[in-house]
Amino acid sequence: MNTSELMAKFCGNQYSDREWLIAPIRDHGFLWATNAEILVCVPDDPNVSANDGCPANLIKFHEWFKLAGNFNKINAEAIPKAKRCPSCNGSGMWPAFGDDPEETCQECNGSGEYKNQEVSVGAQHISRWYLALIASLENAQLSCSSDAPTAPMFFKFEGGWGCVMPIKSRIKSCTATSL
């Protein structure tokens with residue numbers, strides 16, 4: 001996977017409420033991509049089309065990443081199977097209504113997978129969809145906080161790093177996922 005393809009997986013989409021999330025951001029010698037729930041950072045690649053200038057709060061994540069520890073390899077086989085998106089019943093499309101044509105489901109962005117399926121990783125909870133996305137990266141490792149269940153979860157992979165916001169658990173028991 002080239003850098004442009006990698007960044008596209010983490011950017012916002014046409015339904016993002018913040019326009020600057022739709023494309024990668026170039027700043028401080030890095031490329032950043034985020035949809036406001038997950039963030040990835042890689043060394044700058046001049047072949048990638050990106051917006052210039054990074055919001056100051058993104059730079060803070062680079063400093064916080066240096067404090068993360070205890071990275072563990074993600075056991076992709078332990079990630080539960082995806083549930084169907086309840087908005088489109090797993091089709092990835094919203095049906096045509098009246099004269100309106102069929103369109104891509106905004107909830108799952110056309111994947112058909114339930115994006116907010118919750119799994120536990122240590123004391124934290126994460127979207128199954130994001131955990132599978134992180135696990136798909138080469139040599140992906142995840143760092144979880146045992147004392148701050150709502151703190152960002154940092155990950156690293158071959159050629160970059162990132163963080164994902166955990167889900168504030170709404171249920172008492174979750175599917176256990178081991179690292």
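A residue is called buried when its relative accessible area is under 20%, exposed when it is over 50%, and partly exposed in between. By that scale Asp44 is partly exposed, with a relative accessible area of 34%. The structure described here is a predicted model. The protein holds three helices and 13 strands, and buried residues make up 39% of its 179 residues.

**Overall composition**

- The protein exposes about 10,100 Å² of surface, of which carbon and sulfur atoms supply 48%.
- Among contacts between residues at least 6 apart in sequence, 56% join residues that are at least 24 apart.

- Eight strands form an open sheet in the order 4-1-2-3-12-11-10-5, and their pairing is mixed.
- Strand 4 and strand 5 (72–73) stand at the edges with a single partner strand each, so one side of each has no neighbour in the sheet.
- Strands of a sheet pair through backbone hydrogen bonds, in either a parallel or an antiparallel arrangement.
- Strand 10 (residues 141–143) and strand 11 (residues 153–157) are antiparallel and are paired over three bridges. Within this pair, Ser143 stands opposite Phe154 of strand 11.
- Helix 3 packs on the sheet, where it touches strand 3, strand 10, strand 11 and strand 12 (160–164). The direction of helix 3 makes about 15° with that of strand 3.

- Strand 1 and strand 2 run antiparallel and are joined by three bridges. Asp27 has Phe30, in strand 2, as its bridge partner.
- These two strands form a hairpin with two residues between them, and His28 in the turn has a positive phi of about 50°.
- Strand 2 and strand 3 also run antiparallel, joined by five bridges. Here Ala33 has Val40, in strand 3, as its bridge partner.
- The hairpin of strand 2 and strand 3 has three residues between the strands, and Ala36 in its turn has a positive phi of about 85°.
- Strand 2 (residues 30–34) is mostly covered, with four of its five residues buried.

**Salt bridges**

- Side chains of opposite charge can pair when their charged atoms come close.
- Two salt bridges are found in a search of the whole structure.
- One of them joins the side chains of Asp44 and Arg26, with an N to O distance of 2.8 Å. Asp44 lies in the loop between strand 3 (38–43) and strand 4 (51–52), whereas Arg26 belongs to strand 1 (residues 25–27), so the pair ties together parts that are 18 residues apart in sequence.
- Glu113 and Arg128 also meet through their side chains in a salt bridge, at 3.5 Å from N to O. Because Glu113 lies in the loop between strand 7 (103–104) and strand 8 (118–121) and Arg128 in helix 3 (residues 128–135), this pair ties together parts that are 15 residues apart in sequence.
- The two partners fall into separate accessibility classes: Glu113 is partly exposed, with a relative accessible area of 28%, and Arg128 counts as buried at 11% relative accessibility.

**Cysteines**

- A disulfide is a covalent bond between the sulfur atoms of two cysteines.
- The structure holds zero disulfides.
- For Cys105, the closest cysteine sulfur is that of Cys108, at 3.8 Å, which is too far for a bond. The cut-off for a disulfide is a pair of cysteine sulfur atoms within 2.5 Å.
- Cys105 counts as buried, at 0% relative accessibility.
- Cys41 is buried, with a relative accessible area of 1%.

**The surroundings of Ile126**

- Ile126 is found in strand 9 (residues 124–127), and at 0% relative accessibility Ile126 counts as buried.
- Leaving aside neighbours within four places in sequence, Ile126 is in contact with Gln117, Glu118, Val119, Val121, Leu131, Ile134, Met153, Val164 and Ile167.

Terms used:
Residues are numbered from 1 along each chain as its sequence is written. This is a predicted model: local features need pLDDT of at least 70, side-chain atom pairs count only at pLDDT 80 or more; totals for chains, interfaces and linings use all residues. Side-chain values use heavy atoms; hydrogens and water are left out. A salt bridge is a side-chain nitrogen of Lys or Arg within 4 Å of a carboxyl oxygen of Asp or Glu. Buried means under 20% relative accessible area, exposed over 50%, partly exposed in between (1.4 Å probe, protein chains only). Two strands pair if DSSP finds at least two bridges between them. Contact means heavy atoms within 4.5 Å. Axes are lines fitted to C-alpha atoms, for helices over the stretch in contact, and angles run from 0 to 180 degrees between N-to-C directions. Accessible areas come from the Shrake-Rupley method with a 1.4 Å probe; for residues, only the protein chains shown count as cover.
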